[in-house]
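Here is a briefing on the structure shown below. It goes by topic, from the chain interface to single residues.

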Amino acid sequence: MKTIEILRIDSLNRSPLIVEGYLFEGSEPTAPSVAIVGAMEGETILPLYTASKLVDFLRHSLDDESKIVGNILVIPSVNHYALNINQRFWPLDKTDINTMFPGYGEGETTQRIAKKLFDALQGYTHGIILETREGISTCIPYIKLFESGYEDLKSAKKFGYRLIHHKSLKPTDTVSLQYNWQLWGTKAYSIICPSDTNIDLNTSNEVFDGIVNFLSKNKIIRYKVLSGYQSTIVKNRDIEIIKTSKSGIFIPTKKIGTTIKKDEMIGKVIHSLEGKVTHRIFSPCDGLIACIYKNGLIFENAVAFRVIKSG
Amino acid sequence: MQITEIFSSQLPVGEKLTIKKGRFEPKEKKPDTKRISIVSGTHGDELEGQYVIYLLSSWLNENPDAINGIVDLYPAVNSLGIDTITRGFPIYEVDLNRTFPGAKHDYLPGQLVHALAEDVKGSDIAIDIHSSNIFLKEIPQIRINKEFSPSTLPLAKKLNCDFIWIHDAVTVLEATFSHTMNEMGTKTLVVEMGVGMTLTQAYGRQLLSGILNLLKSEGIITTDEEFEQREPFSSEVGDVFYINSPSAGLFVQSITHCAIIKKGDVIGTIVDPLSGKIHHTIYAPSGGILFTLREFPVVYEGSLIARIFGESHENN
């Protein structure tokens, strides 16, 4: 394993931001390769943990170096500055690095970070980005693939997660790493991780096992795995959005990943000052709870649940 | 003036989030009565538009008989952000001006911008007033997407601003208010002026004259009063030069904002307080007008220091 410096940014008073990648050189030069990007934002603890766990796995758990067949680059964190102060975006100007691609070497700070990162990510067969959802919700682990015309749905199934969200492209997605990486010839996938700030070992194992599945099935590593799910491809029309008609204290009564029936109660809202139940949330369809609003206080008309419809 | 709520959402604990609109209209409306919408405060740290709308509202209150058209005022789109010094939509941390057009079943910021777009829809003209951010100070200027410039440039010239910046179409900007409204058929202009979290009163009065000038020329107001109309510089006949910091440090200005400068003039220095040394001296790469200057002194490599509008140069 080699440690390589991807980029360095100095600060007026903080230690320099030094982003490093861990490069595991494969035994077969013609084998497919992969680069994995962890936390581009602060508050993305599971992406950070999963990527660092992968570094440890590749270093210590494969008993023979020849079991690493293709090149693997892991960059666990790009945004230490935000992680260390529990902020989501670049701490000075609050810009999101994942909206700066393909980057610009003569531009603003986060454009320069994106450019240096993007340069280091070129030439890989596959690219994996560990992300969390935007907004105030958490979810089961799933793959997000943009309908860009470059996406590879078949390969995305090799992670073995329950869902692949095949998502229509918004204007703001055109400056994301996934879209630009695909445009430059790498098969890129975003793994959307639960946005919990504590590590749940079961969930983190699920995210991690999916990556190992993918590496194994693409013959990037030799490692026997247990197969995951036969992923279901989900389009926007397959998602039922369930909002709360009242604001207040939000109590989901079902967990993410739960299969539910139509008319089943899945949550309630409590009047924040008087304690009474002001709203009960019932599922309008059979399905799977994929995402839940994660704060205890909820706005009126906020999206409380996203349910993948079945039946 | 009528005040209405175009969007409301009950917050979790004893408070309501509302987006308000003030409407001035003539005593008698005709089918061809023109309508203009003036929007500000999409970013919670930008307050210059609040002052301009106050001045405009005050003028219209004092001149009710001058009103021939409908003037809709939306001073505080991100009302929760303005009152909490938060640029994005609080809690969600999203830039509302990258969330358009939104949708009824979108997340809350998407619902809010959808409500705004639906309410402004049908206006003949819209003006979206921004004040840069806390980092940069801008002279009063209009930003126009080249795609829509045939219809918006003539209006921009009436707004008494100093600079009109016509930029190429950028996909990511399709999520802005101006792009959304232009697509919907409302001629929409973006004003940038001043600096975040403050009021630059002279700029506010300058833009007020421009808006009244535009209203008069469009027949939305009728008055004998004459309003100033400056001849703006236009990016059609020159280049915009960006000057970014070469290193981290403290930026110390050496020049006045909005100055006409020569190539090689010193714009400022990047210094290190601890060692007492100057890391870099920043020189103007071109002569021209300095229309953007950094106000917030802490910089990283790449932080924008200044923008100059000058003669076209192949090395830019």
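Buried means under 20% relative accessible area, exposed means over 50%, and partly exposed lies in between (1.4 Å probe, protein chains only). By that scale A:E240 is partly exposed, with a relative accessible area of 23%. The model is predicted: local features need pLDDT of at least 70, side-chain atom pairs count only at pLDDT 80 or more, and totals for chains, interfaces and linings use all residues. Residues are numbered from 1 along each chain as its sequence is written, chains are lettered from A and ligands numbered from 1 in the order in which they are written, and side-chain values use heavy atoms, with hydrogens and water left out.

**Interface of chains A and B**

- Contact means heavy atoms within 4.5 Å. On that basis 40 residues of chain A are in contact with 36 residues of chain B.
- About 3,100 Å² is buried between chain A and chain B, and carbon and sulfur atoms give 61% of that area. Buried area here is the accessible area (1.4 Å probe) that two parts lose on being put together, summed over both.
- A:L12, A:L92 and A:F299 supply 23% of the area that chain A buries against chain B, more than any other three residues.
- There are 11 residue pairs in polar contact between chain A and chain B, both at pLDDT 80 or more. A polar contact is a pair of N or O atoms within 3.5 Å; within protein, one must be able to donate a hydrogen and the other to accept it, and residues adjacent in sequence count only if both atoms are side-chain atoms.
- On the side of chain A that touches chain B, α3 (109-120), β11 (239-243) and β17 (297-298) of chain A each supply at least two residues. The largest share, three residues, comes from α3(A).
- Helices (H or I, at least four residues) and strands (E, at least two) are DSSP runs, numbered from the N terminus.

**Salt bridges**

- A salt bridge is a side-chain nitrogen of Lys or Arg within 4 Å of a carboxyl oxygen of Asp or Glu. Side chains of opposite charge can pair when their charged atoms come close.
- The count over all chains is 32 salt bridges. Between chain A and chain B the count is two.
- A:K116 forms a salt bridge with B:E301, with the closest N and O atoms 3.8 Å apart.
- A:E240 and A:K309 meet in a salt bridge through their side chains (3.8 Å, N to O). A:E240 lies in strand β11 and A:K309 in strand β18 (residues 303-309) of chain A, so the pair ties together parts that are 69 residues apart in sequence. A:K309 is partly exposed, at a relative accessible area of 37%.
- B:D45 and B:R87 pair at 2.9 Å, N to O, in a salt bridge. B:D45 is in the loop between β3 (35-40) and α1 (48-62) of chain B, and B:R87 in the loop between α2 (79-82) and α3 (108-120) of chain B, so the pair ties together parts that are 42 residues apart in sequence.
- B:D45 counts as buried at 5% relative accessibility, whereas B:R87 counts as partly exposed at 29%.
- B:K146 and B:D168 also meet in a salt bridge (2.9 Å, N to O).
- Salt bridges that share partners join B:K21, B:R23, B:R35, B:D72 and B:D119 into one network.

**Residues in chain B loops**

- B:N160 is found in the loop between α4 and β7 of chain B. B:N160 is buried, with a relative accessible area of 0%.
- The side chain of B:N160 reaches the backbone nitrogen of B:R230 at 2.8 Å. Beyond four places in sequence, the contacts of B:N160 include B:Q206, B:S209 and B:E228.
- B:S247 lies in the loop between β10 (239-244) and β11 (249-253) of chain B. At 15% relative accessibility, B:S247 counts as buried.
- B:S247 is in contact with residues including B:H279, B:H280 and B:E301, leaving aside its neighbours within four places in sequence.
- B:M197 is found in the loop between β8 (187-194) and α6 (201-217) of chain B. B:M197 is partly exposed, with a relative accessible area of 42%.
- B:M197 touches B:D45, B:L47, B:I85 and B:I134, not counting residues up to four places away in sequence.
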